[in-house]
Amino acid sequence: GSLALFAAFVWWKDVELKPLTNFFLSSFVSPMIRIFFPKHGDHIVHGFLAAGLAGAWMWHGIDTIFLGFLFLQAVPELQSKLWMRPKANLIFTLTIIGISFPFVSIGACAWWFPSLLDHIPVGYLRVLCIVANAAPGVTDYYDVLGLPKNSSDSAVRKAFREAALKLHPDKIGANPEALERYHKLAEASETLTKPDLRAAYDEALQHQELRELIPRCVGFLVMLMYWGAHALIDYNDVENHRDTNKNRLKSHIINNGPINCRALGLPRAELDEYCKKEEAEVPFVQAGGRDDILEFRRILTENGIKLDPLPDDEEFLFPQAKKPPGPEPPAAIAAAASQGKTVMISGAGTGSADLPRNRASTTNLKTKKNRAKAYNKKQKSSNCVVM
């Protein structure tokens with residue numbers, strides 16, 4: 001309903017509808033693809049965006065449709081994978097700004113410093129036209145007549161007469177190529193022999209690259225600013241999430257939550273004392289694995305805390321939860337008993353003597369199994385991710 005109202009407003013205001021295409025695609029089509037194809041939705045969307053960018057560039061070059069695909073869909077899609085990696089996100093953002101700068105600078109000059117446009121080299125503008133797939137559409141009539149741009153009216157008429165004698169329809173008959181060439185000569189002669197038409201034509205010919213690029217570059221500037229504004233909003237949300245995560249980790253440590261102090265390389269008391277400081281920096285924990293432990297160690301080292309060397313055994317790479325008291329882990333006993341296997345307990349013999357032989361033994365085994373489930377559930381519910 002809201003989309004229909006917006007479309008009606010645009011129609012009523014007689015605004016160009018091309019930008020609506022990408023708002024519709026980014027707001028409805030891409031999310032629906034991910035809903036209907038949860039397994040391969042991302043790949044379908046990425047292929048769709050790549051095809052959209054290529055098709056838009058080949059069709060109209062860098063214009064509103066291409067820029068919509070770029071800044072409303074493709075760039076945010078890539079950036080969404082980098083928000084939790086600040087350095088990679090910064091490099092990506094600077095790369096986008098660097099690629100956009102040649103076009104954005106012309107758009108900015110057209111808006112705020114139009115006098116600077118005359119100082120831009122023509123060769124530079126022609127390269128941008130090629131990149132933007134925006135070849136100037138002004139025909140060079142001087143080239144058609146084979147004349148320099150400062151030719152007089154008499155020289156124009158003479159060149160037209162000489163060429164027209166060779167290409168006149170009475171001589172060439174129904175040759176379509178020659179006939180088209182003749183009409184182009186006549187058009188060039190008429191434009192260049194009338195002072196008012198020639199003045200307007202010379203102005204258009206002199207700045208044809210700018211005339212083709214300025215609307216596209218202004219669009220580039222607008223879309224870059226739009227993306228930048230939304231990127232700043234997203235950045236603020238991500239930073240708030242990171243701060244919340246860090247505060248949760250500090251609170252977890254202060255409240256005596258489980259933490260792999262051996263991997264961090266300092267006693268628990270020193271870690272608690274460090275985290276009680278309001279300005280204490282802790283990592284933004286994502287997976288709770290080796291990388292997060294190394295990041296935490298780096299932060300502690302930068303704050304002048306001396307750490308023990310890194311352990312190199314499996315407990316560091318895959319830290320295990322502490323075993324509950326008892327000769328064997330209850331989970332191992334319960335799992336083996338549930339599969340009908342013989343349970344080996346320290347200090348006991350082997351064979352049928354180790355299997356539950358009566359109702360009391362069975363009840364005892366079930367109790368241990370329930371305790372094991374409760375223990376595992378408690379471990380999983382812990383907020384700590386650096387174990």
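# Contacts and packing in the predicted model

Colleague: What is the relative accessible area of Lys-81?
Modeller: Lys-81 has a relative accessible area of 46%, so it is partly exposed. Please note that this is a predicted model.

Colleague: Which residue does Lys-81 meet in a salt bridge?
Modeller: Its partner is Glu-77, and the N to O distance between the two side chains is 3.3 Å. Glu-77 itself is buried, with a relative accessible area of 14%.

Colleague: Why does Glu-77 count as buried?
Modeller: The threshold for that class is under 20% relative accessible area, and the value for Glu-77 is 14%, so the residue counts as buried.

Colleague: And which arginine forms a salt bridge with Glu-77?
Modeller: That is Arg-34, with an N to O distance of 2.4 Å. The two residues belong to distant parts of the chain: Glu-77 sits in helix α4 (residues 64-79) and Arg-34 in helix α2 (residues 18-36), 43 residues apart.

Colleague: Which aspartate also pairs with Arg-34?
Modeller: Asp-42 does; the closest N and O atoms of this salt bridge are 2.6 Å apart. Both ends are partly exposed: the relative accessible area is 35% for Asp-42 and 27% for Arg-34.

Colleague: Changing topic: how many disulfides does the structure hold?
Modeller: The count is zero. Cys-109, for instance, is in no disulfide, and the nearest cysteine sulfur, which belongs to Cys-217, is 9.7 Å away.

Colleague: Are Cys-109 and Cys-217 buried or exposed?
Modeller: Cys-109 counts as buried at 17% relative accessibility, and Cys-217 is buried at 0%.

Colleague: On to the aromatics. How many pairs are there?
Modeller: There are seven aromatic pairs. One of them is Tyr-141 with Tyr-201, whose ring centres are 4.9 Å apart and whose planes are at 20°, so this pair is stacked.

Colleague: Where do those two tyrosines lie?
Modeller: Tyr-141 is in helix α7 (residues 141-145) and Tyr-201 in helix α11 (residues 195-206), so the pair ties together parts that are 60 residues apart in sequence. Tyr-141 and Tyr-201 are both buried.

Colleague: What about Tyr-142 and Tyr-201: is that pair stacked or tilted?
Modeller: The pair is tilted, with 6.2 Å from centre to centre and 40° between the planes. Here too distant parts of the chain are linked, with Tyr-142 in helix α7 and Tyr-201 in helix α11, 59 residues apart. In terms of relative accessibility, Tyr-142 is buried at 1% and Tyr-201 is buried at 9%.

Colleague: Which residues form a cluster through ring pairs?
Modeller: Phe-71, Phe-103, Phe-220 and Trp-227 are linked in that way.

Colleague: Now helix packing. At what angle do α8 and α10 pack?
Modeller: Helix α8 (residues 153-167) and helix α10 (residues 176-193) pack at about 165°, and their axes are 10 Å apart. The angle makes α8 roughly antiparallel to α10.

Colleague: Is the crossing of α8 and α10 left-handed or right-handed?
Modeller: The crossing of these two helices is left-handed.

Colleague: How far apart are the C-alpha atoms of Gly-41 and Pro-31?
Modeller: Their separation is 8.8 Å, and the two residues are ten residues apart along the chain.

Methods: Residues numbered from 1 in each chain as written. Predicted model: local features only at pLDDT ≥ 70, side-chain atom pairs only at ≥ 80, totals over all residues. Heavy atoms only, no water. Salt bridge = Lys/Arg side-chain N within 4 Å of Asp/Glu carboxyl O. Buried < 20%, exposed > 50% of the residue type's maximum accessible area, 1.4 Å probe, protein only. Helix = DSSP H or I, 4+ residues; strand = E, 2+ residues; numbered from the N terminus. Disulfide = S-S within 2.5 Å. Phe/Tyr/Trp six-rings, centres within 6.5 Å; stacked < 30°, edge-to-face > 60°. Axes fitted to C-alpha atoms, helices over the stretch in contact; angles between N-to-C directions. Parallel < 35°, antiparallel > 145°, perpendicular 65-115°, else oblique. Left-handed = near helix turned anticlockwise from the far one by under 90°.
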